[in-house]
Structure formats: structure tokens, C-alpha cells
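Please look through the sequence and the model below before reading on.

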Amino acid sequence: MKIDSKKFESLLKEYQLRVEQTLDRWLPDAQVNPIELHQAMRYSVMAPGKRVRPILVYATASALGLDLKLVDGAAAAVEIIHAYSLIHDDLPAMDDDDLRRGRPTCHRKFNEATAILAGDALQALAFYILSHDADMTSNSDSRLQMIEKLSLFSGSRGMAGGQAIDLASVGKTLNIAELETMHIHKTGALIRTSIRLSALSSQQLDADQFKALDSYAKYVGLSFQVQDDILDVIGDTNTLGKPQGSDIERNKPTYPSVIGLNASREIALELHHNALEALSIFGEEAEILRYISTWFVERTH
Ligand code: GRG
């Protein structure tokens with residue numbers, strides 16, 4: 001698809017709206033018992049997030065010429081896993097944050113027990129969607145592989161593992177390789193999975209195309225987090241919707257704290273360059289993915 005920056009903006013809006021409608025369909029009604037739990041799940045998922053992971057699901061599907069209906073379930077599942085991770089990350093036992101997406105965190109709005117349960121229930125809901133969505137691939141082997149990838153990369157060998165490394169690293173000095181490992185797991189794993197789920201929805205993808213997309217996913221997964229580290233230093237709380245400077249305050253190792261702001265910026269741009277390079281076997285159809293990589297390193301929130 002040939003796009004310019006205006007078209008890119010409108011595609012982002014279209015994908016955000018699309019996943020929000022899908023999420024609304026899958027989330028239990030807030031009036032159904034247990035009411036407080038269902039309210040908390042909706043409160044966190046429907047809060048205004050960027051919907052980066054679903055956007056990647058749809059953009060990859062679009063680059064592969066797939067009907068977006070095929071990946072609605074995958075888009076909702078990755079956003080729901082992300083929402084659960086944010087709820088748990090904000091808990092007093094972890095980052096103990098008061099603000100998320102510009103609103104009180106789930107445990108502040110409700111209570112700690114409800115927030116824990118909302119995260120648990122959301123995690124289960126993501127896998128329910130992947131196993132039940134009738135519009136997804138009719139190939140049960142592909143569906144099983146999607147469930148396998150999401151469970152593997154959100155678990156201890158992916159996102160949850162990265163979070164464990166993150167918590168253990170507070171107050172420690174990490175070298176750049178250790179920092180990269182932490183980020184690749186904590187943030188990169190779910191971003192990479194988002195792209196893989198769309199790739200698995202295609203029955204026509206060859207090995208080279210899969211490798212190229214996975215390589216792109218690896219680079220943008222890391223560039224997104226490097227930019228996040230940069231924004232913790234140069235962003236502002238209102239735009240970010242979460243407290244600026246919280247990594248510094250908590251003495252968490254980040255790219256700027258380990259190598260400085262300028263070198264971090266250079267790494268983000270190098271990752272962006274590598275992401276574009278990875279897509280070189282694709283033509284115009286992957287333009288949306290190229291725009292997303294630019295967005296990740298230029299974003300202000
Ligand atoms: C608790 C198992 C578990 C994992 C937590 C994702 C995560 C791991 C913690 C969230 C804290 C954090 C800053 C993680 C880095 C990833 C990141 C940049 C999250 C925020 O994602 P955005 O920017 O948020 O996509 P929105 O609100 O736009 O969806």
C-alpha cells in the first residue's frame with residue numbers, strides 16, 4: 001500500500017478503533033457479576049493506550065494482504081496481555097505507581113486484591129480469545145502455534161522473565177548487553193509476538209518473509225523500549241500519562257543511565273535503520289511497517 005504521513009495517521013486511528021471495538025466485544029459486561037472485577041478489567045483495558053501491539057498485528061496483516069478480520073482476535077489478545085502486565089507492574093509489590101494512561105492505576109481506583117484478580121482474569125481471557133475466536137484462521141495447527149507463541153513469550157522466558165530481571169536490577173549497575181537482554185524480554189517479546197501472530201495467520205508466507213518480519217520485530221521491539229528510556233528523561237508526565245523520571249527515581253538501569261542520552265539516541269536510530277533494512281525484501285506493501293518504526297523512535301509518549 002502506498003502511504004504518506006497523513007494516510008499513516010488515519011491508519012493508526014482505524015486500527016485503534018478496530019481493536020477497541022473488538023476489546024469491547026470480548027470483555028465481560030461491567031454489570032455482570034462479579035461486578036467490581038469486571039469493572040476493573042474494563043477500566044484498565046479501555047483506558048486510552050496507544051494500542052501499539054494491536055497496531056503491529058494489523059499493520060503486519062495489511063502488509064501480507066490478509067483480511068483484518070482474521071487477526072482481530074490476535075490484536076485483542078496481545079493488548080489484553082499488555083493491559084494485565086501494566087496492572088501488575090503498577091502494584092505496590094512491583095513499581096507501586098499511582099498513575100497509568102493519565103488515570104489512577106487499577107489498584108488505586110479499586111483495591112489491590114481486585115487489581116491482582118483483574119490481571120489474572122485478563123491473562124486467561126487472552127488465551128480464551130485465541131482458542132475461541134471463530135473469525136481467526138481455520139487452520140487449527142496455526143491457531144495452536146499462536147497460543148504456543150503467546151504463552152511462551154509472555155511467560156518466564158519472555159515478558160514475565162524480563163520483569164523479573166527488571167525487579168532484580170534495581171540499584172544495580174548493568175552493562176549494555178544485560179540491559180538489552182532485560183528489554184528484549186520485558187518489552188520486546190510481546191511486540192515480537194504481535195508480529196508473529198499475524199505472520200502465523202498467513203498460509204502463504206515463505207521462510208524468508210517470516211525471517212524478515214521476525215528480524216524487523218526484534219529491532220522495533222528494542223527501539224520502542226530504548227525510546228521509552230529516553231522519554232523517562234526528556235518527556236513530561238502529562239504527555240506520558242505516567243510519572244516522568246520514575247526510572248531514575250527508582251534507581252533503575254536504563255539506556256541513558258548506562259550510556260548517556262546521546263548514545264541512547266544513536267542506538268535507537270541504529271535499531272530503526274536495521275528494522276528498515278530487515279524489510280528490504282518487501283515492497284510498498286510494507287510501507288506501514290516502515291512508518292511504524294519511524295514513529296517508535298520519534299514518539300513523545
Ligand atoms: C507484570 C508480568 C509483568 C510484566 C510487566 C510491560 C511490563 C512488564 C511492565 C510495564 C512497565 C514498563 C514501562 C514496561 C516497559 C514496556 C512499556 C514501554 C510499557 C508501556 O507500553 P505502552 O507505551 O503503553 O505501549 P500504552 O499505555 O500506550 O499501552
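## Terms and model

Helices and strands are here DSSP runs, a helix having at least four residues and a strand at least two, and they are numbered from the N terminus. The model is a predicted one.

## The ligand and its surroundings

The ligand sits in the largest pocket. Helix H4 (72-90), helix H8 (159-168), helix H9 (176-201) and helix H10 (207-234) are the elements that give two or more residues to the shell around the ligand, and H4 gives the most, with 6 residues.

Which of the 18 residues around the ligand come nearest? They are Lys50, Arg53, His82, Arg101 and Gln225. A polar side-chain atom of lysine 50 lies 2.6 Å from an oxygen atom of the ligand, while for arginine 53 the distance from a polar side-chain atom to a ligand oxygen is 2.8 Å, and for histidine 82 a polar side-chain atom is likewise found 2.8 Å from an oxygen atom of the ligand. On its own the ligand has 690 Å² of accessible area, and the protein covers 92% of it.

Most residues other than glycine have a negative phi, and most peptide bonds are trans.

The peptide bond that joins asparagine 33 and proline 34 is cis, with an omega of about -10°, and proline 34 belongs to the loop between helix H1 (5-26) and helix H2 (35-46).

Aspartate 96, although it is not a glycine, has a positive phi of about 50°, and its place is in the loop between H4 and strand S1 (99-100). Arginine 101, also a residue other than glycine, has a positive phi near 50° and lies in the loop between S1 and strand S2 (103-104).

Is each of these two residues buried or partly exposed? Aspartate 96 has a relative accessible area of 41%, so it counts as partly exposed, whereas arginine 101 is buried because its relative accessible area is 13%, and buried means under 20%.

## Aspartate 120

Aspartate 120 is found in helix H6 (residues 112-132), where it counts as partly exposed because its relative accessibility is 38%. Between aspartate 120 and proline 256 there are 136 residues in sequence and 33 Å in space, taken from C-alpha to C-alpha.

Definitions and conventions:
Residues are numbered from 1 along each chain as its sequence is written. This is a predicted model: local features need pLDDT of at least 70, side-chain atom pairs count only at pLDDT 80 or more; totals for chains, interfaces and linings use all residues. Side-chain values use heavy atoms; hydrogens and water are left out. Buried means under 20% relative accessible area, exposed over 50%, partly exposed in between (1.4 Å probe, protein chains only). A residue is near a molecule or strand if one of its heavy atoms lies within 4 Å of it. A polar contact is a pair of N or O atoms within 3.5 Å; within protein, one must be able to donate a hydrogen and the other to accept it, and residues adjacent in sequence count only if both atoms are side-chain atoms. Accessible areas come from the Shrake-Rupley method with a 1.4 Å probe; for residues, only the protein chains shown count as cover. On a 1 Å grid over the protein atoms alone, a cavity is a set of points where a 1.4 Å probe fits but cannot get out, and a pocket is an open set with protein on both sides within 12 Å along at least five of seven lines; lining residues have an atom within 4 Å of a point. A molecule sits in a cavity or pocket if more than half of its atoms lie within 2 Å of its grid points.
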